[in-house]
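Open the model in your viewer and keep the sequence panel beside it. The stops below say what to select and what to look for there.

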Amino acid sequence: MSQDPYELAKQSAAKLAEITKIAQHDVLVVLGSGWTPAVEALGTPNAEITVTDLPGFSAPAVAGHAGKIRSVKVGNSQTLIQMGRTHYYEGKGTAAVVHAVRTAVASGVKTIILTNACGGLQLKWKPGTPVLIRDHINLTGATPLVGPRFLDVSEVYSKRLRKIAQEIDPSLDEGVYVQFHGPQYETPAEVQMAIKLGGDLVGMSTALEAIAAREAQAEVLGISMVTNPGAGLTDEHLNHEEVLAAGLAAASRMGDLLKKVIEKL
Ligand code: 8IG
């Protein structure tokens with residue numbers, strides 16, 4: 001296995017092509033926690049593999065993260081659906097976090113849809129509400145880029161793709177996603193900080209992956225599912241089961257949205 005993350009992604013892509021017998025892919029969808037039930041709406045897979053069959057992947061530890069990758073034809077797009085991701089809080093480093101994105105790009109992918117479950121900073125977003133990511137604030141202090149890779153991040157989340165999503169579902173709001181390191185949720189003071197910084201959504205994923213996707217010149221759509229109000233905004237406490245329940249309730253709507261977006265690419 002290569003130590004160079006870009007080489008490792010090429011090796012992983014070659015193995016993916018070998019196992020799936022599909023030489024090229026067009027789209028990657030990363031399904032975050034809570035989004036897994038949406039996978040059925042995307043259609044019958046041509047192949048399904050376990051991520052650990054590919055070099056550079058490790059088994060996800062989080063409940064609701066299945067650690068599988070499917071290849072499904074959606075409209076005209078051969079689509080990779082990644083169920084379960086590596087989070088930065090697992091301590092494996094940023095290269096591990098973005099390995100799936102780099103593997104997908106090495107497989108030919110030009111469009112990457114990143115989904116997640118997150119906390120909402122606007123109380124109008126009830127649990128199960130999807131929100132398009134307009135921009136992000138990366139509070140991890142980390143980056144997948146090493147060396148003088150001065151990447152333009154002035155439009156990480158494609159305006160074109162957001163417009164397509166809003167044509168399908170005009171009720172979709174947009175927001176700024178704030179990636180925290182995790183795995184602890186925010187304190188109420190940190191939630192207030194995120195609001196003052198201009199954040200609308202708080203979570204533990206997506207921004208680092210989006211940076212790697214942009215470096216690789218893929219077009220990115222980010223969709224958050226708000227599953228709980230940010231800590232301290234209500235008198236509720238936060239728990240992971242709530243995330244999974246909200247995902248289950250919203251699954252068919254989310255799957256339908258993803259399918260229609262991919263069909264319009
Ligand atoms: I679901 O409130 C989910 N993931 N950081 N904060 C952060 N991540 C989350 C939250 C939340 N809810």
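In which loop is the place of Pro183? Select Pro183: its place is in the loop between β7 (173-179) and α5 (188-196). Helices (H or I, at least four residues) and strands (E, at least two) are DSSP runs, numbered from the N terminus. The peptide bond from Gly182 to Pro183 is cis, with omega near 0°. Most peptide bonds are trans, and most residues other than glycine have a negative phi.

Before moving on, note that this is a predicted model, in which local features need pLDDT of at least 70 and side-chain atom pairs count only at pLDDT 80 or more, while totals for chains, interfaces and linings use all residues. Residues are numbered from 1 along each chain as its sequence is written, and side-chain values use heavy atoms, with hydrogens and water left out.

Select Lys21 next, in the loop between α1 and β1. Lys21 is not a glycine, yet its phi is positive, at about 60°. Its relative accessibility is 73%, so Lys21 counts as exposed; buried means under 20% relative accessible area, exposed over 50%, and partly exposed in between (1.4 Å probe, protein chains only).

Go on to Thr206, in the loop between β8 (201-203) and α6 (207-215). Thr206 also is not a glycine and has a positive phi, of about 75°. Is Thr206 buried or exposed? At 0% relative accessibility, Thr206 counts as buried.

Now select α6 itself. This helix is mostly covered, with 8 of its 9 residues buried. The buried ones are Ala207, Leu208, Glu209, Ala210, Ile211, Ala212, Ala213 and Glu215. Just after α6, Gln217 takes a positive phi of about 65°.

**Two packed helices**

Show α1 (residues 5-20) and α3 (residues 99-106) together. They pack at an angle of about 60°, with their axes 8 Å apart. Axes are lines fitted to C-alpha atoms, for helices over the stretch in contact, and angles run from 0 to 180 degrees between N-to-C directions. The angle makes α1 oblique to α3; angles under 35 degrees count as roughly parallel, over 145 as roughly antiparallel, 65 to 115 as roughly perpendicular and the rest as oblique. To see the contact (heavy atoms within 4.5 Å), select Pro5, Tyr6, Leu8, Ala9, Lys10, Ser12 and Ala13 of α1, then His99, Arg102, Thr103 and Ala106 of α3.

Select His25, in the loop between α1 and β1 (27-31). His25 has a relative accessible area of 0% and is buried. Apart from neighbours within four places in sequence, the contacts of His25 include Leu16, Thr20, Ser71, Gln78 and Val109.

Lys73 lies in strand β3 (residues 68-74). With a relative accessible area of 47%, Lys73 is partly exposed.

**The kinked helix**

Finish on helix α7 (residues 240-263). At 1.5 Å a residue, its 24 residues should span 34 Å, and its end C-alpha atoms are 32 Å apart, which agrees. The expected span is 1.5 Å times one less than the number of residues. Where is the kink in α7 centred? Select Ala250: a kink of about 60° is centred there, the bend being the angle between axes fitted to the seven residues ending at a residue and the seven starting there. Ala250 is one of the buried residues of α7, as are Ala246, Gly247, Ala251 and Met254.
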